[in-house]
Amino acid sequence: MRFGILGPLRVGGSETAVTAGRDRTVLAVLLLHAGRVVPVDELIDAVWGVDPPATARGQLQTCVSRLRRSIAEAGVTGERIVTGPAGYRVEVGPDELDVQVFDRLVAAARLAATDHRWAETRETYRSALALWRGPALPGFDSEVIRRAAAFLGEQRITVLEECVEVELRLGMANDLVVELTDLVAAYPLRERSRAQLMRALHQAGRPAEALGVYREGWRLLSDELGLEPGRQLRELHQQILTDEVVPPGAPATPLTTLATVRPRPPVHHLPRAVGDFTGHEETVRRLLAAAGHGDGAGERGQDRAATAPYVVDGMAGSGKTTFVVHVASLLRPYYPDAQLFVDLHGDSDRTPVEPAAALVTLLRQLGVPAAAIPADLDDRIRLWHDELATRRTVLVLDNASGTDQVSPLLPATANCLTLITSRRRLLGLDGIRPEPLRLFTTAEGVELLSRVAGDRVRDEPEAAEAVVRRCGHLPLAIRLAGARLAHRPSWRVADLAERLRPDRSALAQLAAEHRSVQSAFALSYTHLPAPAQRMFRLLGLHPGESFDGYAAAALTGLPLAEATDLLDRLVDWHLVEEPAAGRFRFHDLVREYAASLAAAGPAEERAEAAIGLLDHYLHLGAVATGPQEAADGLHAFRLAQPRRPDLLAPPTVGLRRLEAERQNVVAAVRFAESIGEDRYVWSIARAAWRLFYVGGYHDDLVETHTRGLAAAQRLADQPAATAMRNYLASGYFRMGRHQEAVDQLLAALEQYERDGDLPGQARVRLNLSLPYVHLNQPETALAHCAAGLRLRRRIGDLTGISHALSAITDANLKLGRYRAALYWGRRHVTLARRADQGFTFDTALVNLGVVRARLGHHRPAYRLLVAALALSRRNGNRYGEAEGRHGLGLVLAGLGRPAEALAMHQAALAFVQDIGDRARLVELYNSLGSTLLLLGDVPGATRMHERVLADPIVARYPLERARALDGLAGCLVDDDPATARRYWEQALVTYDDLELAEAAVVRRRLAELDEPVPASRR
């Protein structure tokens, strides 16, 4: 033993190794919770009580430092006190702490007793009891330690009484009389010990003395408590009078508290189990099996009950009570003596039941007369443990409010199973088995709806599923919805689904008499402290599906740490879910309830919170995308200073975090529009533009910028409206809506020319080039490129010139003018590198790599594209990554590595299909077709090229149409040379117009068709 608490505090074999009072208190608390982190606040409470000094944390650190030295000086090696994120933990080995050895030996003795190995049971019990060196942890002033020591002392007496039961069975009555006499003298009101002394005296042939012990007990109970002895003690007295006591060695229940011959009737106090219990089948099976009573438990399954209580927690309305009552009912054959139930009212609008009052209810359920129940809490606990000692019992503690309420009610024996329900997580309760109760699946919800409302539910499966979804899969909500349907026989399920439409309040429909989902949520809300209530209420304003601690802090104006702590509390109460670390969300119905509280709250509070949230998302976008913006881009909309700069410090802000918040940014634009904050509508959309554009979120881009344009027009803010038109056009372009892109850009150009805004004119002219390319107006496209470049040079902006070179390169590439594209692409790479533009440098490398791949310069193209791909990944440029993969596929095919090329093309295709870019799709289908043909998959290649020709959009892209015809001809040349010739001749016209090298390849293939077929191939 290295450490001891079963007696005076001992370290390394010495009771004086630690002498300082505070150090001893800290070490004692750590040893009482060995292996678990003890929070700093708990240690401070143990040392100083309710009024700690301001320097308590610092003094605690000093105590821990001294303790580490004292432990080492006592000869205990290794790091024993470990600092955790929230407190300290003491590390002990399996045989180094006496109380842990004691617990292990007691468990072994009880296991031996279940198999009637009485000699081994006695020896093991006595080995455990020999570890005690006196009262546990004497001499401490700390109330925390005194309570823990009293509990340990109670355990020791209980174990001693169990040991005595075995020794009485073994006929050792003469040896026990002195020990039991001392025990009764020390604990005169403890009826179990008194009964054992009476039995020992009777077995030793001293019945008169046994009767005298009874009379003395009767006198004490009567004089001090005004009570009679308990029923079992009275029955033993009568048995001694009539000489009917069970003789030693006769069959009896192991470890019986009193030797009785009259069986006690079983007691059943569970509420009525619902007849339509539904769902959780796997959870029920697992819980029964874990308790030792599942399938295959065997005939002796009932003897293997677990002492660790199960805590079933979950949100309001999740069916916790229904679930545990169902499980307890299933366990009745294995716990036949008693099924007990008490509602602790911890989750109701009533005052929570005190442990002392709960014990009265439970003892009365067991048949203990009211007059026999002690007034003192500790005495009631001892009586409670005595009553349970010989009963195989299922105990349900429903609606627990916290650890302090539950702890005194937990059984101390291994033949009882405890099921606890609570809306909050009981984090302070040691040794529990948490069992969070999930919500129903859709199938389970439909089944419950059918059982409540009748078979007609099965006739409308789609409507039934819609009802379950609108109920948020919450059992209480489904049950109430089913009740409405059951009492309205004229309704169809579709009628109920119509009343629960998303644009209507579901909470208003989910009520029946005094029961409603809203009132269930209200009970949880009212139990929160005021700061948590305010947090919950304001979160009801959040427009997104999920949120993080930064958004909560912005909404509430709280420091981030305080906001996170309150979110944790809401999670513990199941009012907020945490599906991923640091990511939170509401259940749909809880969100509606929180929103109703926010709407009913002070208007000033609501307005301040809304602006705080909108400002956060605005600056989150601005800070994350600012480094990649042109000097005349993002900075042009004159951002004010953020309201909460502390929430925007690196590394909390970046494109990755902004992408994680993408849906919230879109929701914030809608929210700003709904409350009339038009300046935030357009500015949030603009700040997040780059995320939408490079990430391929085109629907989000078009929606937010369409709303932004309308907001700017309502504000009569012409510069903002013009900016919205420019960036809205980029979304139209990426979605293949090229004429709409041109219309917006021409309107923006006209405004910029009226205002004399040269940077704006340059930006729009360069942006006009690509939609004109796709509208098959190449000369107009290149004219805008040239005009844009001239303007950029006139302004003298290197970043702007770089963007101009990018647009010119891309336009020439799409037009098939590869030599011109090579010239401009090289200039773009040089300038982007010189200007240290990481975000445009990857685009420059991609374009140049694709150009060289098209020209057949495969090895240099490979190097360029590998570098571009790595840079695009680092910058979060998903579009650039897709373009790079496409280019690498072209290169690998040219290098004779078609299998690798296919993988690259497929990866690029997955992204392009996801974003719906039809222009890129036709390019990729053609590339895939060529690669599949190299692999010998002629049918697959044929499908790809035919898909291109069947798409009406290909009419705008003569080059891709020519490539599709070229590829299809290659697929048909062996089986249908005439059709192959016709396709090649059509492709050749386009290749010649564009002066592409592919023209020579097609001419050679046409010439090969004209050559006579050798006889060997006929």
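A residue is called buried when its relative accessible area is under 20%, exposed when that area is over 50%, and partly exposed in between (1.4 Å probe, protein chains only). By this rule E883 is buried, and so is R920. The structure is a predicted model, in which local features need pLDDT of at least 70 and side-chain atom pairs count only at pLDDT 80 or more, while totals for chains, interfaces and linings use all residues. Residues are numbered from 1 along each chain as its sequence is written, and side-chain values use heavy atoms, with hydrogens and water left out. Helices (H or I, at least four residues) and strands (E, at least two) are DSSP runs, numbered from the N terminus.

**The open sheet and its helices**

- Strands of a sheet pair through backbone hydrogen bonds, either parallel or antiparallel.
- Two strands are taken as paired if DSSP finds at least two bridges between them.
- Three strands form an open sheet in the order β3-β5-β4, and their pairing is antiparallel. Because β3 (38-39) and β4 (81-83) stand at the edges with a single partner strand each, one side of each lacks a neighbour in the sheet.
- Three bridges connect β4 with strand β5 (residues 87-90) in the antiparallel sense, and T83 stands opposite Y88 in β5.
- Helix α3 (residues 56-73) packs on this sheet and touches β4 and β5, its direction making about 145° with that of β4.
- Helix α1 (residues 21-32) lies across β3, β4 and β5 and runs at about 70° to β5.
- For these angles, axes are lines fitted to C-alpha atoms, for helices over the stretch in contact, and the values run from 0 to 180 degrees between N-to-C directions.

- Strand β10 (residues 416-422) is mostly covered, since seven of its seven residues are buried.
- The cover extends to both faces of β10: C416, T418, I420 and S422 are buried on one side, and L417, L419 and T421 on the other.
- Strand β7 (residues 310-313) runs parallel to β10 and is joined to it by four bridges; D313 stands opposite S422 in β10.
- Strand β9 (residues 393-398) also pairs with β10 in the parallel sense, over five bridges. Within this pairing, V396 has L419 of β10 as its bridge partner.

**Salt bridges**

- A salt bridge is a side-chain nitrogen of Lys or Arg within 4 Å of a carboxyl oxygen of Asp or Glu. The count by this rule is 62.
- E447 lies in helix α16 (residues 442-453) and R458 in the loop between α16 and α17 (461-470), so the pair ties together parts that are 11 residues apart in sequence. E447 counts as partly exposed because its relative accessibility is 23%.
- R470 and E592 meet through their side chains in a salt bridge of 3.9 Å, N to O. This pair links distant parts of the chain, R470 being in helix α17 and E592 in helix α25 (residues 588-600), 122 residues apart.
- Both members of that pair count as buried: R470 has a relative accessibility of 16%, and E592 one of 18%.
- The side chains of E883 and R920 meet in a salt bridge of 2.9 Å, N to O. E883 belongs to helix α40 (residues 878-894) and R920 to helix α42 (residues 918-934), distant parts of the chain that lie 37 residues apart.

**Nonpolar cores**

- A nonpolar core is a set of buried Ala, Val, Leu, Ile, Met, Phe, Trp, Tyr and Cys residues joined through side-chain atoms within 4.5 Å.
- The largest core has 96 residues, of which V517, F521 and F536 touch the most other members. Helix α26 supplies the largest share of this core, 10 residues.
- Contact means heavy atoms within 4.5 Å. Leaving out residues up to four places away in sequence, F521 touches M315, A316, L474, L507, L589, V590 and Y593.
- A second, separate core comprises 75 residues, among them V90, L137, V184 and L233.

**Residue E605**

- E605 lies in helix α26 (residues 603-625) and counts as buried because its relative accessibility is 18%.
- Apart from neighbours within four places in sequence, E605 is in contact with R534, R537 and L538.
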